[in-house]
Amino acid sequence: MKNIDKFNYCLGIGGANIDIIINSINDIKIHDSNPSKFKITPGGVMRNILENISKLNEKAILLTSIGNDDFGKIILEKSIQSGINMDYVYINNDKPSSSYLAFLDHLNNDLFVGASDMTILDDIPISYFEENQCLFDNAKIIIIDSNLNEKTIKEIIKRCKNVIL
(Lines give C-alpha, C1' and ligand atoms only; values in the text may rest on other atoms or scores of the structure.)
Protein backbone atom coordinates (compact mmCIF):
# COMPACT_ATOMS: atom_id res chain seq x y z
CA MET A 1 0.00 0.00 0.00
CA LYS A 2 1.38 3.41 -1.01
CA ASN A 3 1.45 5.60 2.15
CA ILE A 4 -2.22 5.11 3.03
CA ASP A 5 -3.33 5.41 6.64
CA LYS A 6 -5.45 2.55 7.92
CA PHE A 7 -9.13 3.38 8.23
CA ASN A 8 -8.50 6.97 7.17
CA TYR A 9 -9.88 6.95 3.61
CA CYS A 10 -12.97 6.29 1.57
CA LEU A 11 -12.55 3.66 -1.15
CA GLY A 12 -14.74 4.04 -4.22
CA ILE A 13 -15.04 1.42 -6.95
CA GLY A 14 -16.73 2.38 -10.19
CA GLY A 15 -16.87 4.66 -13.17
CA ALA A 16 -14.62 7.50 -14.20
CA ASN A 17 -15.26 8.91 -17.63
CA ILE A 18 -15.26 11.96 -19.85
CA ASP A 19 -18.56 13.81 -20.05
CA ILE A 20 -19.25 15.62 -23.30
CA ILE A 21 -22.08 18.07 -22.71
CA ILE A 22 -23.68 19.69 -25.74
CA ASN A 23 -26.04 22.64 -25.26
CA SER A 24 -28.09 23.52 -28.32
CA ILE A 25 -28.32 27.22 -29.10
CA ASN A 26 -31.69 26.96 -30.92
CA ASP A 27 -34.52 24.45 -31.13
CA ILE A 28 -33.09 21.01 -31.89
CA LYS A 29 -33.67 19.86 -35.45
CA ILE A 30 -33.64 16.10 -35.95
CA HIS A 31 -31.49 14.82 -38.85
CA ASP A 32 -29.74 18.20 -39.15
CA SER A 33 -26.70 20.00 -37.85
CA ASN A 34 -27.49 22.00 -34.71
CA PRO A 35 -25.43 25.02 -33.62
CA SER A 36 -24.31 24.22 -30.07
CA LYS A 37 -21.82 24.85 -27.30
CA PHE A 38 -19.63 21.96 -26.15
CA LYS A 39 -18.12 21.28 -22.74
CA ILE A 40 -15.76 18.40 -21.96
CA THR A 41 -15.23 17.52 -18.31
CA PRO A 42 -14.28 14.51 -16.20
CA GLY A 43 -17.26 12.64 -14.83
CA GLY A 44 -18.54 9.22 -13.91
CA VAL A 45 -20.69 8.35 -10.92
CA MET A 46 -17.93 7.17 -8.62
CA ARG A 47 -15.38 9.77 -9.69
CA ASN A 48 -17.93 12.52 -9.02
CA ILE A 49 -18.83 11.07 -5.59
CA LEU A 50 -15.16 10.91 -4.60
CA GLU A 51 -14.51 14.44 -5.83
CA ASN A 52 -17.22 15.67 -3.47
CA ILE A 53 -15.87 13.56 -0.60
CA SER A 54 -12.45 15.08 -1.28
CA LYS A 55 -13.96 18.59 -1.05
CA LEU A 56 -14.98 17.67 2.50
CA ASN A 57 -11.27 17.15 3.31
CA GLU A 58 -11.66 13.38 3.40
CA LYS A 59 -9.13 11.10 1.70
CA ALA A 60 -10.62 9.34 -1.31
CA ILE A 61 -9.16 6.50 -3.38
CA LEU A 62 -10.65 5.41 -6.70
CA LEU A 63 -10.49 1.91 -8.13
CA THR A 64 -11.55 2.04 -11.76
CA SER A 65 -10.37 1.25 -15.26
CA ILE A 66 -9.41 3.86 -17.83
CA GLY A 67 -7.94 3.59 -21.30
CA ASN A 68 -4.40 4.47 -22.25
CA ASP A 69 -5.67 7.39 -24.33
CA ASP A 70 -6.16 11.16 -24.27
CA PHE A 71 -9.46 10.90 -22.35
CA GLY A 72 -7.73 8.68 -19.79
CA LYS A 73 -4.99 11.25 -19.31
CA ILE A 74 -7.57 14.00 -18.77
CA ILE A 75 -9.48 11.85 -16.26
CA LEU A 76 -6.29 11.14 -14.31
CA GLU A 77 -5.01 14.72 -14.34
CA LYS A 78 -8.29 16.40 -13.41
CA SER A 79 -9.16 13.80 -10.77
CA ILE A 80 -5.79 14.20 -9.07
CA GLN A 81 -6.27 18.00 -9.16
CA SER A 82 -9.63 17.42 -7.46
CA GLY A 83 -7.93 15.59 -4.61
CA ILE A 84 -8.77 11.99 -5.58
CA ASN A 85 -6.01 9.42 -5.10
CA MET A 86 -5.62 7.81 -8.53
CA ASP A 87 -2.54 5.72 -7.69
CA TYR A 88 -4.40 2.42 -8.02
CA VAL A 89 -6.29 2.96 -11.29
CA TYR A 90 -6.18 0.08 -13.77
CA ILE A 91 -4.95 1.18 -17.21
CA ASN A 92 -6.50 -0.85 -20.03
CA ASN A 93 -4.36 -0.70 -23.17
CA ASP A 94 -7.01 -2.38 -25.34
CA LYS A 95 -10.14 -0.29 -24.74
CA PRO A 96 -10.92 3.42 -24.82
CA SER A 97 -11.73 5.30 -21.63
CA SER A 98 -15.42 5.45 -20.89
CA SER A 99 -17.37 8.45 -22.08
CA TYR A 100 -20.82 9.94 -21.78
CA LEU A 101 -22.47 12.38 -24.18
CA ALA A 102 -25.47 14.50 -23.23
CA PHE A 103 -27.30 16.65 -25.78
CA LEU A 104 -29.35 19.27 -23.92
CA ASP A 105 -32.12 21.47 -25.28
CA HIS A 106 -31.65 25.24 -25.15
CA LEU A 107 -34.89 26.09 -23.33
CA ASN A 108 -34.23 24.56 -19.90
CA ASN A 109 -31.16 22.34 -20.35
CA ASP A 110 -33.23 19.15 -20.25
CA LEU A 111 -31.59 16.04 -21.64
CA PHE A 112 -32.73 15.56 -25.24
CA VAL A 113 -30.61 12.45 -25.87
CA GLY A 114 -27.72 10.79 -24.10
CA ALA A 115 -25.22 8.11 -25.10
CA SER A 116 -22.48 6.28 -23.26
CA ASP A 117 -19.63 3.85 -23.85
CA MET A 118 -18.57 2.39 -20.53
CA THR A 119 -17.68 -1.11 -21.73
CA ILE A 120 -14.16 -0.73 -20.30
CA LEU A 121 -15.66 -1.35 -16.85
CA ASP A 122 -16.79 -4.82 -17.97
CA ASP A 123 -13.19 -5.95 -18.46
CA ILE A 124 -11.64 -5.15 -15.07
CA PRO A 125 -9.69 -8.32 -14.23
CA ILE A 126 -10.31 -10.11 -10.93
CA SER A 127 -6.54 -9.98 -10.34
CA TYR A 128 -6.84 -6.17 -10.09
CA PHE A 129 -9.03 -6.54 -7.01
CA GLU A 130 -6.78 -9.26 -5.58
CA GLU A 131 -3.74 -6.97 -5.96
CA ASN A 132 -5.58 -4.19 -4.11
CA GLN A 133 -7.08 -6.29 -1.30
CA CYS A 134 -5.20 -4.19 1.27
CA LEU A 135 -7.30 -1.17 0.19
CA PHE A 136 -10.49 -3.11 0.92
CA ASP A 137 -9.15 -4.28 4.28
CA ASN A 138 -8.13 -0.84 5.50
CA ALA A 139 -10.85 1.51 4.20
CA LYS A 140 -13.14 3.23 6.67
CA ILE A 141 -15.94 3.07 4.09
CA ILE A 142 -16.33 1.37 0.71
CA ILE A 143 -18.64 2.79 -1.93
CA ILE A 144 -19.71 0.73 -4.94
CA ASP A 145 -21.03 2.18 -8.20
CA SER A 146 -24.16 0.26 -9.21
CA ASN A 147 -23.26 0.76 -12.88
CA LEU A 148 -20.69 -2.03 -12.58
CA ASN A 149 -21.72 -5.43 -13.91
CA GLU A 150 -23.04 -8.11 -11.56
CA LYS A 151 -19.87 -10.24 -11.70
CA THR A 152 -17.70 -7.30 -10.66
CA ILE A 153 -20.06 -6.22 -7.86
CA LYS A 154 -20.11 -9.78 -6.46
CA GLU A 155 -16.30 -9.87 -6.51
CA ILE A 156 -16.11 -6.52 -4.70
CA ILE A 157 -18.62 -7.55 -2.04
CA LYS A 158 -16.70 -10.78 -1.46
CA ARG A 159 -13.60 -8.70 -0.63
CA CYS A 160 -15.30 -6.23 1.71
CA LYS A 161 -14.93 -6.63 5.45
CA ASN A 162 -15.94 -3.03 6.24
CA VAL A 163 -19.01 -0.93 5.57
CA ILE A 164 -20.44 -1.01 2.04
CA LEU A 165 -22.48 1.90 0.77
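My entries go from the whole chain down to single side chains.

**Ground rules.** I am working with a predicted model, where local features need pLDDT of at least 70 and side-chain atom pairs count only at pLDDT 80 or more, while totals for chains, interfaces and linings use all residues. Residues are numbered from 1 along each chain as its sequence is written, and side-chain values use heavy atoms, with hydrogens and water left out.

**Whole chain.** I started with the overall extent: the C-alpha atoms fill a box of roughly 55 × 35 × 25 Å along the principal axes. Next I looked up the secondary structure and found five helices and ten strands. Helices (H or I, at least four residues) and strands (E, at least two) are DSSP runs, numbered from the N terminus. Of the 165 residues, 44% count as buried; buried means under 20% relative accessible area, exposed over 50%, and partly exposed in between, with a 1.4 Å probe and protein chains only. I also checked contacts (heavy atoms within 4.5 Å). Among those between residues at least 6 apart in sequence, 68% join residues at least 24 apart.

**Cores.** Which residues touch the most other members of the largest nonpolar core? I got Leu11, Ile13, Leu63, Phe136, Ile142 and Ile156, out of 19 residues in that core. Strand E1 (10–13), strand E4 (60–63), helix H3 (126–131), helix H4 (133–138) and strand E10 (141–144) each supply at least two of its residues. A second, separate core has 18 residues, including Cys10, Ile18, Ile28 and Leu62. For the record, a nonpolar core is a set of buried Ala, Val, Leu, Ile, Met, Phe, Trp, Tyr and Cys residues joined through side-chain atoms within 4.5 Å.

**Aromatic rings.** I counted three aromatic pairs. Phe129 and Phe136 make an edge-to-face one, 6.3 Å centre to centre with 70 degrees between the planes. Rings of Phe, Tyr and Trp (its six-membered ring) pair if their centres lie within 6.5 Å; planes under 30 degrees apart are stacked, over 60 edge-to-face and the rest tilted. Both Phe129 and Phe136 are buried, and together with Tyr90 and Tyr128 they form one aromatic cluster.

**Salt bridges.** My rule here is a side-chain nitrogen of Lys or Arg within 4 Å of a carboxyl oxygen of Asp or Glu, and the count by this rule is eight. I looked at Glu51 and Lys55, whose closest N and O atoms are 3.6 Å apart. Both lie in helix H1 (residues 45–55), four residues apart, about one turn of the helix. Is each of them buried or exposed? Glu51 counts as buried at 17% relative accessibility, whereas Lys55 is exposed at 57%.

Then I turned to Arg159, which bridges to Glu130 with the closest N and O atoms 3.8 Å apart. That pair links distant parts of the chain: Arg159 sits in helix H5 (residues 150–159) and Glu130 in helix H3, 29 residues apart. Arg159 is buried at 13% relative accessible area, and Glu130 is partly exposed at 46%. Arg159 also meets Glu155 in a salt bridge (2.7 Å, N to O). Glu155 and Arg159 are about one helical turn apart, because they are four residues apart in helix H5. Salt bridges that share partners join Glu130, Glu155, Lys158 and Arg159 into one network.
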